[in-house]
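Dear colleague,

I am passing the structure below on to you, together with some notes on what came out of looking through it. Please read them beside the coordinates.

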Amino acid sequence: MLEKLYKNIGLRVQFSEDEFKQFSAPFELKKFKKREVVLSEGEYCLFEGFVTSGCFKVYFMNEEGLEQTLYFAVENWWILDLDSLINNVPSTLSIEALEDSEVLMISKKDKNLLYETMPQVEKLFRIMNQQTSISLQRRILSLMHKTADKRYIEFLEKYPTLEQRLTQQQVASYLGISHEFLSKIRKRTVLGK
């Protein structure tokens, strides 16, 4: 499990073997069953989690009481509510396992201790936060400027194997459309119309 974390952070910063041992020491492996909730709206997010296996949805309930998926987190992705974690406010998001999953989790307290003892950790999480901001900006622009058909095709291109792991309702929630409309889009896409 730690090997996956090492490869993931190695894409952003380089740690020596000893530095990685120090960095990874506070991480704890947690297992979640399918449908188990990791974080509920209104709770405080006091962790960051690196997904080593499985799939999660990070979502909120809109004003009509409908679920809206912000993103899916699969292997090598991170789960958290960044606003809650950084600003110490109740979470507006919920995180739920869609499959039996495993996550390496670090507490906010332990992460802050790493900031103090390992300067390159701050660089690592700064880079990760920048990448997350870019990804969310692109997602917002896609929702605002692209048709549902284009968003669906973009979803398939960005996550080529994810659709097989999700229900049609979950994909529709991510795209911001009804599952009935998604069925029509899928039919058009398959027929090439």
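This is a predicted model: local features need pLDDT of at least 70, side-chain atom pairs count only at pLDDT 80 or more; totals for chains, interfaces and linings use all residues.

Residues are numbered from 1 along each chain as its sequence is written, and side-chain values use heavy atoms, with hydrogens and water left out.

The largest pocket has a volume of about 610 Å³. Of its 25 lining residues, those closest to the centre are Tyr71, Trp77, Trp78, Met128 and Thr132. A pocket here is an open set of points on a 1 Å grid over the protein atoms alone, where a 1.4 Å probe fits, with protein on both sides within 12 Å along at least five of seven lines, and lining residues have an atom within 4 Å of a point; the volume is the space filled by probe spheres set on the points, which are joined across faces, edges and corners. Two or more lining residues come from each of strand 5 (67–74), helix 3 (82–87) and helix 5 (119–145), these elements being DSSP runs numbered from the N terminus (helices H or I, at least four residues; strands E, at least two). Helix 5 gives the most to this lining, with eight residues.

The second largest pocket, with a volume of about 270 Å³, is lined by 16 residues, and Arg138, Arg139, Ser142, Glu154 and Lys158 lie nearest its centre. Helix 5, helix 6 (148–158) and helix 7 each give two or more residues to that lining, and helix 5 again gives the most, here with nine residues.

Val171 is found in helix 7 (residues 168–175) and counts as buried because its relative accessibility is 1%, where buried means under 20% relative accessible area (1.4 Å probe, protein chains only). Beyond its neighbours within four places in sequence, Val171 is in contact (heavy atoms within 4.5 Å) with Tyr152, Phe155, Glu163, Leu166 and Leu182. The C-alpha atoms of Val171 and Leu182, 11 residues apart along the chain, are separated by 8.2 Å.

Lastly, the structure holds zero disulfides, a disulfide being a pair of cysteine sulfur atoms within 2.5 Å. The cysteine sulfur closest to that of Cys45 belongs to Cys55 and is 18 Å away, which is too far for a bond. Cys45 is buried at 1% relative accessibility, and Cys55 is buried with a relative accessible area of 0%.

With best wishes

Methods
Buried means under 20% relative accessible area, exposed over 50%, partly exposed in between (1.4 Å probe, protein chains only).
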